[in-house]
Amino acid sequence: MDRIRLGFAFCGSFCTLSKAVAKLRSAVEAGYDVYPIMSFNAYATDTRFGKADDFVWEIEDLCGRKVIKSIVGAEPLGPKKMVDVLLIAPCTGNTMAKLALGITDTPVTMAAKSVLRVGIPVVLAPATNDALAASAQNIGRLMNTKHIYFVPMAQDQPEKKPTSVIADFERVLPAVEAARRGEQLQPVLFGTV
């Protein structure tokens, strides 16, 4: 059986990058052929959650290839059918807004546009503090968009952050497999994580 070619795109939800890298490791261990993509911010921003260079090094080491870090580098993913599915994990509210409105100004949004134009599924793993506020309309629009799927998600710390939602990172690979079959993994929304 051929290896599944997974585009794995990282956005700047810095507090969840470690969880995303752990899922990247799981994907590689499960036999996926992974093409890493990073937004400008995820690629270059040092935060209290880690240094950008450390994340880039680990991602490239796991995948055995360089991170796609430019709009030009991401554009061929769809037309050349370089991947079978694109996962954006973590997917920020900012990136979801851009996807909902057709804005293509980062390597991640270009990767999504590129694969969607040829019918390759895109799986979003949200991580945003305003999912149940300003980002709610964009999530709703994307849920109604052909070839876009979601990793099941829940509120995190609802007492402290009542509008915040994060994907259940344990369900990332099952969501990818469901999207490859043209199915949304259910339930999309559940309690708390």
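## Cis peptide bonds and the P187 loop

P187 is found in the loop between α8 (172–180) and β8 (189–192), and the peptide bond that joins Q186 to P187 is cis, with omega near -10°. Helices here are DSSP runs of H or I with at least four residues, strands are runs of E with at least two, and both are numbered from the N terminus. A cis bond also links A89 to P90, where omega is near 0°; P90 lies in strand β3.

The model is predicted: local features need pLDDT of at least 70, side-chain atom pairs count only at pLDDT 80 or more, and totals for chains, interfaces and linings use all residues. Residues are numbered from 1 along each chain as its sequence is written, and side-chain values use heavy atoms, with hydrogens and water left out.

T16 is found in the loop between β1 (5–10) and α1 (17–29). This residue is buried, with a relative accessible area of 3%; buried means under 20% relative accessible area, exposed over 50%, and partly exposed in between, for a 1.4 Å probe and protein chains only.

The side chain of T16 reaches the backbone oxygen of S13 at 2.9 Å. Leaving aside residues up to four places away in sequence, T16 touches P90, A127, I166 and F169, where contact means heavy atoms within 4.5 Å.

## Packing of α1 with α3

Two packed helices are described by the angle between their axes and the distance between the axes. The axes are lines fitted to C-alpha atoms, for helices over the stretch in contact, and the angles run from 0 to 180 degrees between N-to-C directions. For α1 and helix α3 (residues 52–63), the angle is about 10° and the axes are 10 Å apart. The two helices are therefore roughly parallel to each other; angles under 35 degrees count as roughly parallel, over 145 as roughly antiparallel, 65 to 115 as roughly perpendicular and the rest as oblique.

On the α1 side the contact involves L17, S18, V21, L24, R25 and V28, which meet F55, E58, I59, L62 and C63 in α3. The residues of this contact divide into 8 nonpolar, 1 polar and 2 charged. In this classification Ala, Val, Leu, Ile, Met, Phe, Trp, Tyr, Cys and Pro count as nonpolar, Asp, Glu, Lys and Arg as charged, and the others, Gly among them, as polar.

## Helix α5 and its two helix partners

In α5, the residues G93, T95, M96, K98, L99 and A100 are buried. The buried residues of α5 pack against β3 (85–91), α6, β4 (122–128), α7 (136–143) and β5 (148–150). After α5 comes G102, whose phi is positive, near 75°.

The axes of helix α5 (residues 93–101) and helix α6 (residues 107–116) come within 10 Å and cross at roughly 40°. The two are therefore oblique to each other, and α5 passes α6 in a right-handed crossing. A crossing is left-handed if the near helix is turned anticlockwise from the far one by less than a right angle, and right-handed if clockwise. T95, K98 and L99 of α5 make the contact with V108, T109 and A112 of α6; by class, this contact has 3 nonpolar, 2 polar and 1 charged residues.

With α7, helix α5 packs at an angle of about 50°, the axes being 9 Å apart. These helices are therefore oblique to each other, and their crossing is left-handed. M96, A97, L99, A100 and L101 of α5 make the contact with N138, I139, R141 and L142 of α7, and its residues divide into 7 nonpolar, 1 polar and 1 charged.

## Loop residues

K81 lies in the loop between α4 (71–74) and β3. Its phi is near 50°, a positive value in a residue other than glycine, and K81 is partly exposed, with a relative accessible area of 48%. H147, found in the loop between α7 and β5, has a positive phi near 75° and is likewise a residue other than glycine. H147 is partly exposed, with a relative accessible area of 26%.

L132 has its place in the loop between β4 and α7 and is partly exposed, with a relative accessible area of 49%. L132 and Q155 are 23 residues apart in sequence and 8.9 Å apart in space, C-alpha to C-alpha. Not counting residues up to four places away in sequence, L132 touches Q155, P162, T163 and V165.

Technical notes:
Polar contact = N/O pair within 3.5 Å; in protein donor to acceptor, adjacent residues only side chain to side chain.
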